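Please look over the sequence and the structure before reading on.

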Amino acid sequence: MAIEFYCPTCQTMLRVPEVHAGKKAKCPHCQSVAEVPSVQAAPASSYLEPLKDPSVSPTNPYASDPKATASNPYLSSAAGSNPYGAPATTQRPRYREAHRGGTILTLGILSFVCNIFLIPGIMAWVMGNSDLKKMKQGVMDDSGHGMTMAGMILGILTTVVPIAILILYVLLVIVLVIAGVAAN
């Protein structure tokens with residue numbers, strides 16, 4: 001069981017193992033040396049008496065720590081007291097248009113599975129391109145950027161590859177016709 005007591009200098013609650021009863025201990029908060037009581041002494045009056053330093057509260061014993069009150073170089077000056085870097089009242093920006101990432105990704109996958117007359121691939125390519133431009137301008141919600149990009153890439157691949165294969169077949173037929181004519 002641990003012995004709990006308050007530091008006489010900074011009123012920080014300290015907890016040490018029972019084997020250190022009667023010994024001296026250094027407060028990790030203010031670096032002052034205090035004697036560990038021999039019995040667990042948490043005087044009831046210490047809860048009712050005001051603290052010596054009014055900036056130190058029982059809920060936050062590190063409030064008067066100079067390291068804690070020093071400015072944080074990782075927070076912007078507009079951040080205030082919010083540790084996440086933005087004011088507490090900041091809300092997510094409202095966009096005029098919702099993203100269509102799911103639809104574009106579905107069209108991209110559909111074009112990969114069954115590209116009927118290249119229509120789903122072309123649709124995914126065109127819709128993805130226009131949505132990415134709107135996301136870049138800040139008009140459209142950019143939380144679907146990854147899905148939009150993936151759907152557009154699938155649309156591009158499933159449109160360009162069949163056209164390239166068709167061009168290669170046409171060139172092959174032309175070469176075979178020319179070779180057949182030259183052989184006769």
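In which helix is the place of T148? T148 belongs to helix α5. The model described here is predicted. Its chain has 184 residues, and its secondary structure comes to 5 helices and 4 strands.

**Overall layout**

- Read from the N terminus, the elements follow the order β-β-β-β-α-α-α-α-α.
- Buried residues account for 23% of the chain.
- The chain exposes about 13,200 Å², and carbon and sulfur atoms supply 66% of that area.
- Of the contacts between residues at least 6 apart in sequence, 49% join residues at least 24 apart.

**The largest nonpolar core**

- The largest nonpolar core has 10 residues in all: I3, F5, C7, C10, L14, V16, A25, C27, A34 and V36.
- Two elements, β1 (2-6) and β2 (13-17), each give two or more residues to this core.
- C27, one of the core residues, touches C7, C10, L14 and S32 when residues up to four places away in sequence are not counted.
- As a general background, nonpolar side chains tend to be buried together in soluble globular proteins.

- T148 is counted as buried because its relative accessible area is 0%, and the cut-off for buried is under 20%.
- The side chain of T148 reaches the backbone oxygen of G144 at a distance of 2.8 Å.
- Beyond its neighbours within four places in sequence, T148 is in contact with G101, I104, G128, D131, L132 and M135.

**P162 in helix α5**

- P162 also lies in helix α5.
- With a relative accessible area of 34%, P162 is partly exposed.
- Leaving out residues up to four places away in sequence, P162 touches L118 and L157.
- P162 and L118 are 44 residues apart along the chain, and their C-alpha atoms are separated by 8.4 Å.

**A nonpolar patch on the surface**

- M149, I153, L157, V161, I165, Y169, L172 and L176 form a nonpolar patch on the surface.
- Together, the residues of this patch have about 750 Å² of accessible area.
- L172, a member of the patch, is placed in helix α5, which covers residues 145-183.
- The relative accessible area of L172 is 46%, so this residue is partly exposed.
- L157 links two of these topics, as a member of the patch and as a residue that P162 touches.

Key:
Residues are numbered from 1 along each chain as its sequence is written. This is a predicted model: local features need pLDDT of at least 70, side-chain atom pairs count only at pLDDT 80 or more; totals for chains, interfaces and linings use all residues. Side-chain values use heavy atoms; hydrogens and water are left out. Patches are made of residues with over 30% relative accessible area and no salt bridge: like charges are joined within 9 Å, nonpolar side chains (Val, Leu, Ile, Met, Phe, Trp, Tyr) within 5 Å. Accessible areas come from the Shrake-Rupley method with a 1.4 Å probe; for residues, only the protein chains shown count as cover. A salt bridge is a side-chain nitrogen of Lys or Arg within 4 Å of a carboxyl oxygen of Asp or Glu. Buried means under 20% relative accessible area, exposed over 50%, partly exposed in between (1.4 Å probe, protein chains only). Contact means heavy atoms within 4.5 Å. A nonpolar core is a set of buried Ala, Val, Leu, Ile, Met, Phe, Trp, Tyr and Cys residues joined through side-chain atoms within 4.5 Å. A polar contact is a pair of N or O atoms within 3.5 Å; within protein, one must be able to donate a hydrogen and the other to accept it, and residues adjacent in sequence count only if both atoms are side-chain atoms.
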